[in-house]
Amino acid sequence: MQNYVFVLDANKEPRNPVRPAEARRLLSDGKAAVYKRFPFTIILREASSQEPTPITLKVDPGSKTTGIALVQNNRVVFAAELSHRGQAIKDALESRRAIRRGRRNRNTRYRQARFDNRTRPEGWLAPSLNSRVDNLQTWFVRFLKLAPIASISMELVRFDMQLMSASTEASASTEAANAEISGVQYQQGELQGYEVREYLLEKWQRKCAYCGAKDCPLEVEHITPKAKGGSNRVSNLTLACHGCNTKKGTQTAAEFGHPEIQAKAKQPLKDAAAVNATRWAVLEMFKATGLDVEVGTGGRTKFNRVAQGYPKAHWIDAACVGQSGKPVWLCVNLVPSMIKAVGRQCRQMCRPDKYGFPRTGAKQSRVVKGFQTGDIVRAIVPTGKKKGVHIGRVAIRTTGSFNIGSVQGIGWKYCKAIHKADGYSYGASALALG
């Protein structure tokens, strides 16, 4: 099953998305034309007075991949998985920093340090983190122009750290006087342990911490048993299969022969930290639109997904976010659009050698024969070794001999742009209708 196709009327006002078969019929009958390839959008030749049904944009932010789902009448009509490039940005900045420090340490020509001149405004985020917020903002603006979005639902926190850190021994009177919610309240009720368990599954890679067993029932286990003074705090919990849990008994992890477990339990989650650092910026960005915004936790998301019997996937998690994700219908065979952030060119004027000095000339024009690297093109080659139809992302050369995907040496005269470079690449599922 493919995603629904976005529809605009003659005034470029968004209308209800339609099935791919309906979109093909409108195109073949001459009632519509292709407006945009990614995401695939058609534009009607006449204006429409019919009011569209509101759509909810649902987002499951992630450190590496963000799930996106558009839900109309409790039904998923469009799904996508957006891959971020935060690590690539971090690596590039670290490489530049190393080169600059190397020049300073050698006492050769260098750029003066300006550490004391730099200030960070309120709400500042590192470039690798800010790129995640920018990606979500970019795609929110795009969807807003293509679909009648009336509300937003996002997973604000993957894990509720405050709830998990609370001690289960806290009394009810302490809970009433404190803003911190204790584990007694947390472990009871509809979600019953989903927050803690989801955190532990992520922390220990969904396998037994002692024997590494996967694809088996895992039990929440105390690193330091309560019989020896251990608490129910999440820093004292891990996952174990039934055999290891029984064999360990009342021993500590160190006594059981695994002293490294205690150290790992105290290590922070890098990906969870990245999501927690950006979640409020994403929320404020959504709130600034004036639309209704619903928030939920990762525990609530998993509860909704498991209760409805859906498998694990980023876009499915997005559809199940929040209270509105409890009654949602989706086709598990739906092929989501795979979108990857690849950046928009490079500001570096020339490439340096291993010592940090220029090794190439100033970069050439970004546009050659009307094409630039990143454009998605269709090339029809009539003869020769490259004979055939080639569709994909183009890499330009000043000679006019381009590369399309893994195929090299395609003449520019055979190429026709079907989608201009926009900082993202698209997977096979997104190319299906293109």
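Cysteine 415 counts as buried, at 10% relative accessibility; buried means under 20% relative accessible area, exposed over 50%, and partly exposed in between, with a 1.4 Å probe and protein chains only. The model is predicted, so local features need pLDDT of at least 70 and side-chain atom pairs count only at pLDDT 80 or more, while totals for chains, interfaces and linings use all residues. Residues are numbered from 1 along each chain as its sequence is written, and side-chain values use heavy atoms, with hydrogens and water left out.

**Cysteines**

- The structure holds 0 disulfides, a disulfide being a pair of cysteine sulfur atoms within 2.5 Å.
- A disulfide is a covalent bond between the sulfur atoms of two cysteines.
- The sulfur of cysteine 241 has its closest cysteine sulfur in cysteine 244, at 3.6 Å, which is too far for a bond.
- Cysteine 241 is buried, at a relative accessible area of 12%.

**The sheet**

- Helices (H or I, at least four residues) and strands (E, at least two) are DSSP runs, numbered from the N terminus.
- Two strands pair if DSSP finds at least two bridges between them.
- An open sheet is formed by 4 strands in the order β2-β1-β4-β3, with mixed pairing.
- Its edge strands are β2 and β3 (32-36), each pairing on one side only.
- Neighbouring strands of this sheet are turned by 35° against each other on average, direction ignored. Axes are lines fitted to C-alpha atoms, for helices over the stretch in contact, and angles run from 0 to 180 degrees between N-to-C directions.
- Strand β3 runs antiparallel to β4, and 4 bridges join them. Alanine 33 has isoleucine 43 in β4 as its bridge partner.
- Helix α3 (residues 127-146) packs on the sheet and touches β1, β2, β3 and β4. The direction of helix α3 makes about 60° with that of β1. Contact means heavy atoms within 4.5 Å.

**Strand β1 and its partners**

- Strand β1 (residues 5-8) is covered on both faces. Val5 and Val7 are buried on one side, and Phe6 and Leu8 are buried on the other.
- Strands β1 and β2 (residues 14-18) run antiparallel and are joined by 3 bridges. Valine 5 has valine 18 in β2 as its bridge partner.
- The hairpin of β1 and β2 has 5 residues between the strands. In this hairpin, lysine 12 takes a positive phi near 65°.
- Strands β1 and β4 (residues 41-44) pair in the parallel sense, over 3 bridges. Leucine 8 stands opposite isoleucine 43 in β4.

**Salt bridges**

- Side chains of opposite charge can pair when their charged atoms come close.
- The whole structure has 10 salt bridges. A salt bridge is a side-chain nitrogen of Lys or Arg within 4 Å of a carboxyl oxygen of Asp or Glu.
- Aspartate 9 pairs with arginine 15 in a salt bridge, with the closest N and O atoms 3.1 Å apart. Aspartate 9 and arginine 15 are both buried.
- Glutamate 94 and lysine 90 meet in a salt bridge at 2.6 Å, N to O. They are 4 residues apart in helix α2 (residues 86-105), so about one helical turn separates them.
- Glutamate 94 is partly exposed, at 32%. Lysine 90 is partly exposed too, at 33% relative accessibility.
- Lysine 312 and aspartate 317 also form a salt bridge, 2.6 Å from N to O. Lysine 312 is partly exposed at 42%, whereas aspartate 317 is buried at 2%.

**Threonine 301**

- Threonine 301 lies in helix α11 (residues 298-307). Threonine 301 is buried, with a relative accessible area of 1%.
- Leaving out residues up to four places away in sequence, threonine 301 touches Glu155, Asp317, Cys320, Val321 and Gly322.

**Aromatic pairs**

- The count comes to 10 aromatic pairs. Rings of Phe, Tyr and Trp (its six-membered ring) pair if their centres lie within 6.5 Å; planes under 30 degrees apart count as stacked, over 60 as edge-to-face and the rest as tilted.
- Phenylalanine 78 and phenylalanine 143 pair edge-to-face, at 5.5 Å centre to centre with 65° between the planes.
- This pair links distant parts of the chain, 65 residues apart: phenylalanine 78 is in strand β7 (residues 75-83) and phenylalanine 143 in helix α3.
- Phenylalanine 78 is buried at 4% relative accessibility, and phenylalanine 143 is buried at 1%.
- Phenylalanine 140 and phenylalanine 286 form an edge-to-face pair, with centres 5.6 Å apart and 70° between the planes.
- Ring pairs link Phe6, Phe38, Phe78, Trp139, Phe143, Tyr424 and Tyr426 into a cluster.
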